[in-house]
Amino acid sequence: MRTITILACFFFLPAVISAQNDYQNERNRMVERQIANRGISDEATLDAMRTVRRHLFVPPQRTSQAYDDSPLPIGYGQTISQPYIVALMTELVEPKPGMRVLEIGTGSGYQAAVLAEIVDTVYTIEIVESLGMTAAGVLEENEYTNVLVKIADGYHGWEEYAPFDAIVVTAAAEHIPPPLIQQLASGGRMIIPVGSPYFTQNLMLVEKDGERVRTRNVLPVRFVPFTRAEE
Ligand code: SAH
């Protein structure tokens with residue numbers, strides 16, 4: 001009997017340990033070293049980055065790199081952004097409970113999940129159908145019931161649910177799409193990388209106050225291009 005117990009422990013313990021390895025230590029370390037250390041201080045953002053299991057949003061063969069200080073390929077020539085950039089974009093739109101946020105460029109669904117930890121509802125649009133479908137699956141499996149995914153060209157925003165308290169664009173556009181400015185609520189903030197594809201772009205913060213729109217450059221960045229559906 002004792003032998004059986006010992007054998008059972010021997011065989012099942014590693015499985016139990018790996019099922020429980022939720023990478024919480026890796027996430028805490030990521031937040032401390034890559035994010036808080038570089039000046040991100042919004043508690044809601046830091047908490048969300050500690051909570052969302054980034055390893056579930058990367059392809060299975062990338063699990064061990066999920067908490068690295070870099071972007072990672074997610075297929076179709078696209079990438080999941082570096083953790084610091086996700087945190088920075090999140091902090092800059094000043095997410096709060098009760099807000100409705102539009103994201104353009106669902107990709108893996110990770111940025112949407114981070115926002116969904118803080119705000120009321122996230123509306124996210126992806127142009128590559130298989131990426132959007134995969135992300136919607138991961139979000140659903142992990143009970144992110146407050147994220148709505150749509151497959152479309154995000155240039156036109158999501159009129160049906162506008163206005164949005166914040167807009168996060170995660171692909172580099174040559175200009176700020178006018179429909180997105182229109183769909184931003186007064187008092188709302190949009191963060192968007194603007195510039196030529198394949199070159200360094202500027203991460204821009206757009207603030208709307210009534211009819212007045214102010215923009216400022218935050219940081220040089222490199223994002224995958226904002227593509228357009230043929231019309
Ligand atoms: N936010 C993502 C990062 C994805 S990379 C994440 O957390 O993983 C940018 C994504 O924008 C890519 O998946 C790309 O297919 C998508 N994209 C590019 N142009 C788009 C457009 N016009 N509308 C919607 N999505 C677009």
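**The ligand and its surroundings**

Author: Of the 25 residues around the ligand, those that come nearest are Ser108, Glu126, Asp153, Gly154 and Thr227; a residue counts as near if one of its heavy atoms lies within 4 Å of the molecule. This is a predicted model, in which local features need pLDDT of at least 70 and side-chain atom pairs count only at pLDDT 80 or more, while totals for chains, interfaces and linings use all residues. Residues are numbered from 1 along each chain as its sequence is written, and side-chain values use heavy atoms, with hydrogens and water left out.

Reader: What does the shell around the ligand have by class?

Author: The shell has 12 nonpolar, 10 polar and three charged residues. Here Ala, Val, Leu, Ile, Met, Phe, Trp, Tyr, Cys and Pro count as nonpolar, Asp, Glu, Lys and Arg as charged, and the others, Gly among them, as polar.

Reader: Which polar backbone atom is 2.8 Å from a nitrogen atom of the ligand?

Author: That backbone atom belongs to Gly154. Gly105 also has a polar backbone atom, 2.9 Å from a nitrogen atom of the ligand. From the side chain of Ser108, an N or O atom is 2.6 Å from a ligand oxygen atom.

Reader: And how much of the ligand does the protein bury?

Author: The protein buries 99% of the 590 Å² that the ligand exposes when taken alone; these areas come from the Shrake-Rupley method with a 1.4 Å probe.

Reader: Which element gives the most to the shell?

Author: Strand 2 does, with three residues. Strand 3 (100–104), helix 5 (110–116) and strand 4 (121–126) are among the elements that give two or more. Helices (H or I, at least four residues) and strands (E, at least two) are DSSP runs, numbered from the N terminus.

Reader: Changing topic, how does strand 2 run against strand 1?

Author: Strand 1 (residues 72–75) and strand 2 (residues 78–80) run antiparallel, joined by three bridges; two strands pair if DSSP finds at least two bridges between them. Gly75 has Gln78 as its bridge partner.

Reader: Which other strands form a hairpin with two residues between them?

Author: Strand 8 and strand 9 do, and Gly210 in their turn has a positive phi of about 65°. Nine bridges join strand 8 (residues 201–209) to strand 9 (residues 212–221), and Asp209 stands opposite Arg212.

Reader: Where is the cis peptide bond?

Author: It joins Ala162 and Pro163, with omega about 0°. Pro163 is found in the loop between strand 5 (147–151) and strand 6 (164–169).

Key: Polar contact = N/O pair within 3.5 Å; in protein donor to acceptor, adjacent residues only side chain to side chain.
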